Structures are given as structure tokens and as C-alpha cells.
Amino acid sequence: MSASNPTPNALPIDIVIMAAGKGTRMKSRVPKVLQKLAGRPLLGHVLATAQALHARRVVAVTGHGAPEVEAYGAVVARAGGQFDLKFARQEPQLGTGHAVQQALPLLADDGLVVVLSGDVPLTEAATLQALVQAAQGERLALLTVRLPDPTGYGRIVRAADGGVQRIVEQKDASADERAIDEIYSGIMAVPARHLRRWLARLTNDNAQGEYYLTDVVAMAVHDGVPVAAHRIDDALQVAGVNSPLQLAELERAHQRRQAEALMAQGVRLADPARLDVRDDARRGVPAELTCGPDVEIDVGCIFTGRVALGEGAQIGAYCCIANAVIAAGAVIHPFTHIDGEEAGVGVGQGARVGPFARLRPGAELGPDVHIGNFVEVKNSTLAAGAKANHLAYLGDATVGERVNYGAGSITANYDGANKHRTVIEADVHVGSNCVLVAPVTIGAGGTVGGGSTITKSTPAGALSVARGKQVSIAGWQRPAKKARGA
């Protein structure tokens, strides 16, 4: 089964994405289709859907912010590598029909054209596949939905027998037509050979002086081409974004659905309205939160990129976790920040992290490790039972089993030019306020006295102290401030 022809006897699918609008109401320098939903630009959601449909070619019609929009689309296409992405400029913007006219030279006549909007991010691939099936390679198929308040949308005008006659835009609709609650979503599937003929006949004789793509419906009826309406009940799938308020509302609706899906799997969410699962846009990593049985997540948590939570893991309030694997029974206390970036972070079975801890890329915690408040770990491994309970830094370190790492202690891993590694062998006790200057090894079972600066490796079992001798000067007086004017 080829990518361009996913179902037997189907026409190849070519997709046109309308992404030229300025988005004036967004009041932003960022083009509207590059505004983010769940960490991913709106256009990225639509391109992902195109990939899921096994599109042969995608033509993005750009206009406002075209260089930025096209640069982003090219990055997504290279990363996916499953469809041919082209761009067509619409300058000036003279309506939806005019937009598709710009894409027409890049479309072959043997395909089925699916028209999508770059600011409608949550249409499901299964819905579009059903629309494609409704077209049957010959029909014009429209995606419609009933809305309690259809204001602003084109209305579906049906004949007495229920067949679609035409679409009338809000500003051209009569009072009776504005009372219709079935609206056109802006999404259609149409054989390219028909579309080419109809686009050539468009006029701008309407209240807006624009070329409406919706006028092709009346042309199809006139030409005897059947018009099918695939109606869905899920308005979220066709919701567009025109303002910051609409973007925020769509974000919450999308996150609520993700929360409900997690709860259906058995995840315990303290408040499903206060959960965010986002793409890692910095590295192009899609959102993927997987949870074992009996996972508990408190309020205000943000999961970014690929995160896996093992059975019985507990995530405290207001944690930010990105690109990490949290093993069974681990507890992440509130306000902990974990970001694995490319290297990832691993938290072992039964480990305890936080509150207010930070795990950076390459942090790997073994079973029953304790990382306490205001402790930072980067590119370091801690073996089973190791503890760094407060106010400490472990960078580029290998820490053995049952090590106790004192408050205020750090590994000095950077000499100004290169990073060096610190090895702390099993059962070492490091006192408070110590500096371990890498490269250095602290031998197994050894003790480092509080306040020491260790610059040389220490033998196993030894007490190592490296600090100035304490001196007390009796009767010493602090300098006193001079009186003003003295």
C-alpha cells in the first residue's frame, strides 16, 4: 500500500492548507498560523494531520509572514519526510477561492484535493478520512457541524430533499439563512479535475468583493456533481483561532481532552483542568505522556516532549517534567524541574526528588535515590540509595551506592575550558560546604570533612580534611564606622 494511495481504488490525496491570513486580532508580530497550541504551532498540527492522511503533496498557501511560515513548514516536512511540501504565495489576499487558485498550478488533475485551514488545528485524521470516503472520488464532500451559535460561519443551505444546494456566507445571508445552525467548517474534499473547472468560474460579486471558495458548491449542483455533507458533532475539531482568547480557550479544551484520555486509562488527576501536555518545540519532539497503573498527578503540572511515568509514580503540584523516564514508585515532590533535553533524565524505582529540585540532561538516578530541595544534578549518575538532600550541585559526577552528599557541597566540574568528572565511590560521606575539584576520585567508604576543598583523589576509608586551620583572636574588635563629618 503506497503512501500516496492508502486505500484500494482511491485517488491520490493532495492537500491545500490556507495559511496566508494576517490574524489582525491576534495583535502579534508572529503570523497567526505560527501561534502555538500545546507547544506546537497551529500549522504544525495541520501538517501532522496531512502526514497521517498519507498525502501525496501538500501545498501551503502563504501571504502574511510568508518567509517565517515557509521556513517552519520546510523544517516540519524535512523531519517527517512523508509528503512533498510546496508553497504558493497569495498576494494580495482576495478570499478563499483566490487562495486555492494560487495552489492550482501545483496540483495534478488525477488527485482528490482536501482543503484545510492553517488555523484549525484539531481536526482528526479519522474525520478527514471519512470525508475522503464521502467524496468517493467523484463528489464534492463538505465537512459540516451544527453550532448553537453559528455567527460568522457560512451556512449550509439544503434543498427540500435534504441535499446540499449551496453555502451562503454570513455577510451575504438573509435573516432566514442566518437562522440555519449547520455550518461549513472550511474543510472540503473535491476531485482536482472538477475544482480546476469551478475555480475558473469564480467571481467576486458579493458583499466582501472577494472570491469565495464556497461558491463551488452551487457550481457543483449546477453541473450535476453530487454534493455530500459529512456532518460531525464535535465542534472542537473545526474550531479556528482568530484571537488570543480563542487560542486560550482552544488550549484548555485540548488539554481537557488529554486529561480525560489519561483518566480513562486510570491516571489519578487532582484536577483535570490544571494539566498541560505539550510538544517540545525546541527540539521538535511531539508530546507523548505514557502512564502505568495508579499514577497520581497533582495540580499545575506541565509535561513536555516524551515522558513516561511508571506504576504508582506520584507527581507533586506544579512540577515541570520534559523528556524523562520516571520509574515505578518514584515520588516527585512539588515545584521540581526536570528537563532531559536530548540526553534524557531517568529517575529510578522508589526514588524521591524535590521539592524545588532540578534534574538536567544526563541525570540518572538509581533506585531509592534521594534528591532534596534546591539540589541540581546534571550529567551525573547516582547509584542505589545515594542521597543529596539539600542545597547541593552534582555535575559530571559518578556517585556510588549509599553515598551521603552534604548540604552546600558542589562538584567543581568546569575549569574554564573543559568539563571534568568527579567519582564518588560507594559509602562515601561528604560533609557540608565541600568543593570537589574535578577530576578527582573519593575512595570507597571515605569521609570528607565539612568545609573541605578536595583537589586530589582520596584513598578508600580515609577521613580527608582540606581547610585552613581555625584561629581565634581574643578581644578582637570589628572596625567601627566613622562618625559623619569626621
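1. E260 is partly exposed, at 40% relative accessibility. Buried here means under 20% relative accessible area, exposed means over 50%, and partly exposed lies in between, with a 1.4 Å probe and protein chains only. This is a predicted model, in which local features need pLDDT of at least 70, side-chain atom pairs count only at pLDDT 80 or more, and totals for chains, interfaces and linings use all residues. Residues are numbered from 1 along each chain as its sequence is written, and side-chain values use heavy atoms, with hydrogens and water left out.

2. What does E260 pair with? Its partner in a salt bridge is R256, and the closest N and O atoms are 3.1 Å apart. A salt bridge is a side-chain nitrogen of Lys or Arg within 4 Å of a carboxyl oxygen of Asp or Glu. R256 is partly exposed too, at 37% relative accessibility. Both residues belong to helix α8 (residues 244-264), and because they are four residues apart, about one helical turn separates them. An α-helix has 3.6 residues a turn, so residues three or four places apart point the same way. Helices (H or I, at least four residues) and strands (E, at least two) are DSSP runs, numbered from the N terminus.

3. How many salt bridges are there? The count comes to 32. One of them joins R89 and E70, with the closest N and O atoms 2.7 Å apart. This pair links distant parts of the chain. R89 is partly exposed, at 39% relative accessible area.

4. Is E70 buried or exposed? E70 counts as buried, at 15% relative accessibility. Its side chain also makes a polar contact of 2.7 Å with the side chain of T62. A polar contact is a pair of N or O atoms within 3.5 Å; within protein, one must be able to donate a hydrogen and the other to accept it, and residues adjacent in sequence count only if both atoms are side-chain atoms. Leaving out residues up to four places away in sequence, E70 touches T62, F87 and R89. Contact means heavy atoms within 4.5 Å.

5. E401 and R402 also form a salt bridge, at 3.0 Å from N to O. E401 is partly exposed, with a relative accessible area of 35%. R402 is partly exposed as well, at 46%. Elsewhere, salt bridges that share partners tie D280, R282, R283 and D339 into one network.

6. The largest nonpolar core has 53 residues. Such a core is a set of buried Ala, Val, Leu, Ile, Met, Phe, Trp, Tyr and Cys residues joined through side-chain atoms within 4.5 Å. I297, F303, L309, V347, L359 and I371 have the most contacts inside this core. Strand β16 (residues 301-309) supplies the largest share, four residues. V347 touches V325, I326, A327, A330, I332, V353, L359 and L365, not counting residues up to four places away in sequence. A second, separate core has 36 residues, including V33, A50, L85 and L112.

7. Helix α1 (residues 42-52) is mostly covered, with eight of its eleven residues buried. Just after α1, H54 takes a positive phi of about 60 degrees.

8. Which nonpolar residues form a patch on the surface? They are Y318, F335, F356, F374 and L391, with about 510 Å² of accessible area together. Patches are made of residues with over 30% relative accessible area and no salt bridge: like charges are joined within 9 Å, nonpolar side chains (Val, Leu, Ile, Met, Phe, Trp, Tyr) within 5 Å. Accessible areas come from the Shrake-Rupley method with a 1.4 Å probe; for residues, only the protein chains shown count as cover. L391 lies in strand β27 (residues 387-395).

9. S380 lies between β25 (370-378) and β26 (381-382). S380 is buried, at 0% relative accessible area. Beyond residues up to four places away in sequence, its contacts include G362, L394 and R421. G446 lies in the loop between β34 (440-442) and β35 (447-448). G446 is buried, at 1%. G446 and T151 are 295 residues apart in sequence and 75 Å apart in space, C-alpha to C-alpha.
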